[in-house]
2 protein chains.
Amino acid sequence: MIGDEILSGRTQDRNIGQLARWLNVQGIRLKEVRVVPDEIEAIGDAVNHLRTSYDYAFTTGGIGPTHDDITVDAVASALGVPVMVHPDARAILERYYADKGGLNEGRLRMARAPEGAELIPNPVSGAPGIRIGNIFLMAGVPHITAGMLEGLTGTLEGGRPLVSVTIGAFAPESEVAEILRSAEKANEGIAIGSYPFFKEGRVGGNFVVRSEDEALARSVADGLARDIEAAGYAVTDGGL
Amino acid sequence: MIGDEILSGRTQDRNIGQLARWLNVQGIRLKEVRVVPDEIEAIGDAVNHLRTSYDYAFTTGGIGPTHDDITVDAVASALGVPVMVHPDARAILERYYADKGGLNEGRLRMARAPEGAELIPNPVSGAPGIRIGNIFLMAGVPHITAGMLEGLTGTLEGGRPLVSVTIGAFAPESEVAEILRSAEKANEGIAIGSYPFFKEGRVGGNFVVRSEDEALARSVADGLARDIEAAGYAVTDGGL
């Protein structure tokens, strides 16, 4: 995530959740997120860490036409390659802006890419995303990013999708902590999350069993539901 | 930000924006965010980087009563200090749970703190936050974090608050990019952000001038407004 607008609190981020859910469907886990300011070195350091630590790295933000859009420069500099005008991107932008006043200096910025990059189609607003190696440079505006992700669906190598089964109860999480802990300990290949809430004047929690094995997640969630009901709380399948 | 629930896309983060806005009022800039999973080493690495790179480091999440709440252990391990039961935290929890069934193993987890820590009052739900050195361990549930931040207001050393002045226009950002770029270049001590949108069937942008100098931010924004109007677009003070 690249952008002073997130770090200043001006803009509520929507891309972490959107990317996480899309990756789950591809069978890929989101393991780390960094939010950095519009500064070449901060972006480059984050990208270099993420691209070398994980299978894939995604950036959102900073690929538009204005002076604060420096993601392409930062990624090229991190990779040690020059920035070039990508001929296909230029052609796309020429067509897109043909009846909107044509290309100008700002619009042409959006045709720039690190040398060796491929384009990611943008069905919403012309200017393409960029793939170079295992790095994907996406838009900052969430519905434009959504269009780019749509085009990437099924093209990345993933494992089995992560499945979540949620149950909810008006039980204080401090009352069911031991039930959750022993269920997680007893079952290899699952993770159980506990998410407390306060609603309708009562405390409660949603308990989420995550696994790549759907049948296992379902059966662990069923066991949890039985134990929480035995402790005296009604359980709602699907969560509260 | 600590939590599988953010990285799985289950929970929409609210704490980045909340913390950023609170810090602005304290005269402190949020410079970097990392979102990491519920894993001791990942949390410890992030905390060690952030506490040594910046004046203050804040964590949110992972200080509740359940097995996946491991922030205290991770921070203690990162600092090389033992985890202890904090006597004041234990007393707070004993009072809080006196009419709610008393302390149990899960609830007692919330009295644990790295050795040498101080407590941050929690006016909402009993279990306190924790301060150790320049690290602040806060709740994951946003309205509980809000209560903790309220209690910390005015206690941290900050500079001048960052001021933002926003103007908006139904102008494609690619048409005004050069105006924005030259205004930023001509004025030391300001940063200009450009945030495009699509609404009422038209493209436009909000343009945000940020500075610690309010008069400068105002005068740069006024200059931008004049230039954008001279380019043929109506400008709305305060943004669209």
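How many helices and strands are there in chain A? Chain A has nine helices and eleven strands, where helices (H or I, at least four residues) and strands (E, at least two) are DSSP runs numbered from the N terminus. The model is predicted: local features need pLDDT of at least 70, side-chain atom pairs count only at pLDDT 80 or more, and totals for chains, interfaces and linings use all residues. Residues are numbered from 1 along each chain as its sequence is written, chains are lettered from A and ligands numbered from 1 in the order written, and side-chain values use heavy atoms, with hydrogens and water left out.

The overall dimensions of chain A come next. Along the principal axes, the C-alpha atoms of chain A fill a box of roughly 70 × 35 × 35 Å. Of the 240 residues in chain A, 52% are buried. Buried means under 20% relative accessible area, exposed over 50%, and partly exposed in between (1.4 Å probe, protein chains only). Contacts are heavy atoms within 4.5 Å. Among contacts in chain A with a separation of 6 or more, 66% join residues 24 or more positions apart.

The accessible surface of chain A is about 10400 Å². Carbon and sulfur atoms contribute 50% of that surface. Areas come from the Shrake-Rupley method with a 1.4 Å probe; for residues, only the protein chains shown count as cover. Chain A carries 22 positive and 33 negative side chains. Lys and Arg count as positive and Asp and Glu as negative, without His and the chain ends. The centres of the two sets lie 2 Å apart, with each charge placed at NZ of Lys, CZ of Arg, CG of Asp or CD of Glu.

Helix 7 of chain A spans residues 142–152. Its buried residues are Ile144(A), Thr145(A), Gly147(A), Met148(A), Leu149(A) and Leu152(A). An α-helix has 3.6 residues a turn, so residues three or four places apart point the same way. The cover over the buried residues of helix 7 in chain A includes helix 2 (15–26) and strand 2 (57–60). Strands 5 (118–120), 6 (129–132) and 7 (135–138) of chain A are also included. Just after this helix, Gly154(A) takes a positive phi of about 85°.

Glu5(B) sits in helix 1 (residues 4–7) of chain B and counts as buried because its relative accessibility is 15%. Beyond four places in sequence, Glu5(B) touches Tyr195(A), Arg210(A), Arg10(B) and Thr11(B). Asn206(B) belongs to strand 10 (residues 202–211) of chain B. At 7% relative accessibility, Asn206(B) is buried. Its contacts beyond four places in sequence include Arg10(A), Tyr195(B) and Leu240(B). The Asn206(B) side chain reaches the backbone nitrogen of Leu240(B) at 2.7 Å.

Most residues other than glycine have a negative phi. Glu200(A), not a glycine, has a positive phi of about 50°. Glu200(A) lies in the loop between strand 9 (190–199) and strand 10 (202–211) of chain A. It is exposed, with a relative accessible area of 64%. In chain B, phi of Glu200(B) is near 50°, and Glu200(B) is exposed at 66%.

Notes:
Polar contact = N/O pair within 3.5 Å; in protein donor to acceptor, adjacent residues only side chain to side chain.
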